[in-house]
Amino acid sequence: MSKKAIILPVILITLLGVAAYSLFRAPATPDGNINSYLKGEMAKLSLPEEPQTLSSHIIMRADGSPVALKELKGKAMLINLWAPWCAPCRAEMKELAHLEKILGDEQFEVVAINANRGGIAEAEETLKEWDVEGLNLYADPTMKTMFDLAEGALPTSFVVDKAGNIRAFYLGPLKWDAPEALELFTALKEGKL
């Protein structure tokens, strides 16, 4: 058999193999899988073992009106539970405000909930004292969110997609405005996750 007769089938098989691989491999762009965004600071996030959605816990808005967490779905969110007495909470609050400043709009919001008895007034006073601006005020003076969702540990944060699914969570402070965080929350905001 001549070299030409062998090379042609080898090239054809190689091309067919490359075409088949291209059809069946995972796409190079994100496809809704959060794992491709878990790098740098975001690699510390934990993923739920079972699918979880926003709960029906009631929180208060800045104007004092109640809203169930599950009613906030429809936009991507970083829900953060904090309290004035929590030193690690204070450590990350400016990063949360910066994330809200960069990405916050009708499609994304940082929902920072003061999970302490002092409610909205205490949240407003504390953020002013900490020199944090730009976060919408939310509170849970019953503290049920802290005990039920965060097992009493603060700060606890939840990465939530537009459908209200909890995609990841973290106990402790993180640099929420790091480049890898901005990449994650931009993808969430754009509906890629």
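First, some housekeeping. Residues are numbered from 1 along each chain as its sequence is written, and side-chain values use heavy atoms, with hydrogens and water left out. Because the model is predicted, local features need pLDDT of at least 70 and side-chain atom pairs count only at pLDDT 80 or more, while totals for chains, interfaces and linings use all residues.

Let's start with the largest pocket, which has a volume of about 380 Å³. A pocket here is an open set of points on a 1 Å grid over the protein atoms alone, where a 1.4 Å probe fits, with protein on both sides within 12 Å along at least five of seven lines. The volume is the space filled by probe spheres set on the points, which are joined across faces, edges and corners. Lining residues have an atom within 4 Å of a point, and this pocket has 19 of them. Nearest its centre are Leu149, Ala150, Thr156, Phe158 and Phe169.

Which elements supply at least two residues each of that lining? They are helix H4 (144-149), strand E6 (156-160) and strand E7 (166-171), with E7 giving the most, four residues. Helices (H or I, at least four residues) and strands (E, at least two) are DSSP runs, numbered from the N terminus.

Now over to helix H2, residues 87-103. At 1.5 Å a residue, times one less than its number of residues, its 17 residues should span 24 Å, and the end C-alpha atoms are 25 Å apart, which agrees. H2 does bend by about 35° at Met93, that being the angle between axes fitted to the seven residues ending there and the seven starting there.

Several H2 residues are buried, among them Cys89, Met93 and Leu103; buried means under 20% relative accessible area, exposed over 50%, and partly exposed in between, with a 1.4 Å probe and protein chains only. The buried residues of H2 pack against E6, and also strands E3 and E4 and helices H3 and H5.

Leaving out residues up to four places away in sequence, Arg90 touches Glu129 and Trp130, where contact means heavy atoms within 4.5 Å.

Last stop: Met143, in the loop between strand E5 and H4. Met143 is buried, at 11% relative accessible area, and with the sequence neighbours up to four places away set aside, Met143 touches Ala115, Asn116 and Arg117.
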